[in-house]
Amino acid sequence: MKTEEAFSESGLDWAAFLKALYLLGVVLFVATPLVATVLGGFKSLGELRTNPFGLPQVWEWKNYTDILLSRRYWQLLQNSLIISTLTVILTLITASMAAFVFAHISFFGRTMMLNYITMGLLFPAATAILPLFIKVRDLGLLDHYLGVILPQVAFSLAMSILLLRRFFKELPEELLEAALVDGCSYLNFFRYVTLPLSRPILATVGTITFVHSWNAYLVPLVMLNSDSQYPWPMGIMIYQGEFSAEWHLILAFITLTLLPTIILFLFAQKHIVAGLTSGAVKG
Amino acid sequence: MIMPRKPYDAGKLSALLLFLPPALLLFTVFVVMPIGEAAWYSGFNWNGFGSPKNWIGWDNYRFVFDNKAFGTAFKNNLLIIVVSLLVQLPLALSLALILARAFKGAVMLRMLFFMPYILAEIATGLIFSFIYDGDYGLLAAIYRHFDAQAPHLLASPDTSMLAILLVIVWKYFGFHMMLFIAALQGMDKNLVEAARVDGASRWQILRHIIIPLLYPTIKLSIFFAIIGSLQLFDLIMPLTRGGPADSSHTMVSFLYNFGVMRMRVGFGSAVGVILFVVCVTFAFSYKKWFMRDED
């Protein structure tokens, strides 16, 4: 008791001090790998070995500019962008239409069908990756963007439909009834009332789907087999294979391929955090 | 079966027939059917070409369970769950308790800690394979500083899993922290305030009010840690590919390595079915036993 008072009198708050120390430890734990990666890309291979932690003595901008000027880098980003964007668009269209039905139209078997869709939350695509491969092959979509996009859309439907349905249900029911009495069709109501009112949840679902698709590895790995189609996660694996021990180049390449994710994160923090954690709140 | 009651029921039917089929079709063809097909293929010895003819019954399942690497993979999945519970969860919870309050820099720290979660697992794995690199890596540099021989963590069956576990904590604790922060911020402050007025100490408030109020979130966090472990694949590939000596496989990387890479469709499908059964059994029993109160 006495010592406690003495400390607070001397202005030393041990609890706050330990807290700050703890936070500092975690900051170092999280940031060191990231900072070392970005800086490592600016070093020569020799310096990477002698000076792994510090700032580069000689800034090797060439590591980065060579990659930025290469066709390969932009091709990877382009492939990823095409796959992710189409995945998001298709998911939003099909999921919001289905969610609209589940939210507003009662029909025989609705609960059963909703449970059927909810099943999709329970297992990852990996469980069925071989039959999925054979199906995509039989459909002639192997080595085609669609062979990646369609399975990704299908596996994001369950979560998307449930999130959208929850939001649609909260829109006032009287709105729909009034519109229907006035002769508005379901289609027009969906198009002109539901969708515009649902921008926040559409943004959330779109962001989750985009991040998952942008980072995805297994499905593209199994479905694609020509360089010109690969999304960036496959691209950096191949790059690492080619340059195996030239870590300075690999680090520069990783940094540049992560750049879009980080920019997206800085601009859409709120949606990303809300999206990825709200997906978590009771499927 | 639509009961015509109101004049606009015809519109209802056409909306139903227009809106539902696209999602339903995609979901059925690419999610549900493949699971059924996995069950069917798992009865065959089949390399994927032509149609499956060589029916071998339950043999593929016997091969899977007899495979030592599968046992290791299963144990590794359990190990990941244990570490998630013993290391990641306390880390995430303690940080959330500190960072849920608004002080200068709190938001920035939250964002920093969350960031690893949105970086692709492949990139994360590559970054850490640099850090663990015996010649150029940060870890090696620290050892060299003390004139010690740097260990090749990823190259030894004894340490490969340990190295992976560290990466898992690094990548995922921020996500769990955010779950807790969201819960803490949605919490009713009056209870805490009332307890404080009644003279409860900080520790008592934490132990008897805040933590119990967080139980639903803790259960959810555990749920995600377990599901995440069962799905883990991307991170394994750049770090170890399941090696050395199959010491660091998860069930999914085992499936990829022994099923997909070798095009043993029957065998790989059997692994997939086992994984499916584990996931579904777990999800149902967890919901039933632990999350009954909040539906």
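This is a predicted model: local features need pLDDT of at least 70, side-chain atom pairs count only at pLDDT 80 or more; totals for chains, interfaces and linings use all residues.
For chain B, the corresponding share is 66%.

Both chains are built from helices. Chain B has twelve helices and zero strands. The radius of gyration of chain B is 25 Å, well over the 19 Å that the globule rule gives for 295 residues, so chain B is more spread out than a compact globule. Chain A also has a radius of gyration of 25 Å, whereas a compact globule of 283 residues would have a value near 19 Å. The table sets out further values for the two chains.

| Chain | Box filled by C-alpha atoms, along the principal axes | Buried residues |
|---|---|---|
| Chain A | roughly 75 × 70 × 35 Å | 44% of 283 residues |
| Chain B | roughly 80 × 75 × 30 Å | 42% of 295 residues |

**Domains of chain A**

Chain A is divided into domain 1, residues 2–64, and domain 2, residues 70–278. The C-alpha centres of these two domains lie 36 Å apart. Where the domains touch, domain 1 of chain A contributes ten residues and domain 2 of chain A contributes nine residues. On the domain 1 side, helix H2 (14–40), helix H3 (45–50) and helix H4 (61–68) of chain A each supply at least two residues. H2(A) gives the most to this side, with three residues. By class, the domain 1 side consists of four nonpolar, five polar and one charged residue.

**A helix of chain A**

Helix H11 of chain A covers residues 199–215. At 1.5 Å a residue, its 17 residues should span 24 Å, and the end C-alpha atoms are 24 Å apart, which agrees. H11(A) is mostly covered, since 13 of its 17 residues are buried.

**The contact between the chains**

The contact between chain A and chain B takes 71 residues from chain A and 71 residues from chain B. On the chain A side, helix H14 (residues 247–278) gives the largest share, 13 residues. That side of chain A has 57 nonpolar, eleven polar and three charged residues.

**The nonpolar core**

The largest nonpolar core has 161 residues. Those with the most contacts inside this core are A:Ala98, A:Ile129, A:Leu157, A:Ile161, A:Leu218 and B:Leu255. Domain 1 (2–64) and domain 2 (70–278) of chain A both give residues to the core, so it lies between them.

What is B:Leu255 in contact with, leaving aside its neighbours within four places in sequence? One of its partners is in chain A, namely A:Ala126. In chain B, its partners are B:Val260, B:Gly268, B:Val271, B:Gly272 and B:Leu275.

**A loop residue of chain B**

B:Met261 is found in the loop between helix H11 (251–260) and helix H12 (265–290) of chain B. Is B:Met261 buried or exposed? B:Met261 is exposed, because 11 other C-beta atoms lie within 10 Å, and a residue with 12 or fewer counts as exposed. The C-alpha atoms of B:Met261 and B:Thr72 are separated by 19 Å, although these residues are 189 residues apart along the chain.

Definitions and conventions:
Residues are numbered from 1 along each chain as its sequence is written. Chains are lettered from A and ligands numbered from 1 in the order in which they are written. A nonpolar core is a set of buried Ala, Val, Leu, Ile, Met, Phe, Trp, Tyr and Cys residues joined through C-beta atoms within 7 Å. A residue is buried if 20 or more other C-beta atoms lie within 10 Å of its own, exposed if 12 or fewer, and partly exposed in between; C-beta atoms are placed from the backbone. Domain bounds come from an automatic or database domain assignment. Two residues are in contact if their C-beta atoms, placed from the backbone, lie within 7 Å. Helices (H or I, at least four residues) and strands (E, at least two) are DSSP runs, numbered from the N terminus. Ala, Val, Leu, Ile, Met, Phe, Trp, Tyr, Cys and Pro count as nonpolar, Asp, Glu, Lys and Arg as charged, and the others, Gly among them, as polar. The expected span of a helix is 1.5 Å times one less than its number of residues. The radius of gyration is taken over C-alpha atoms; the globule rule is 2.2 Å times the number of residues to the power 0.38.
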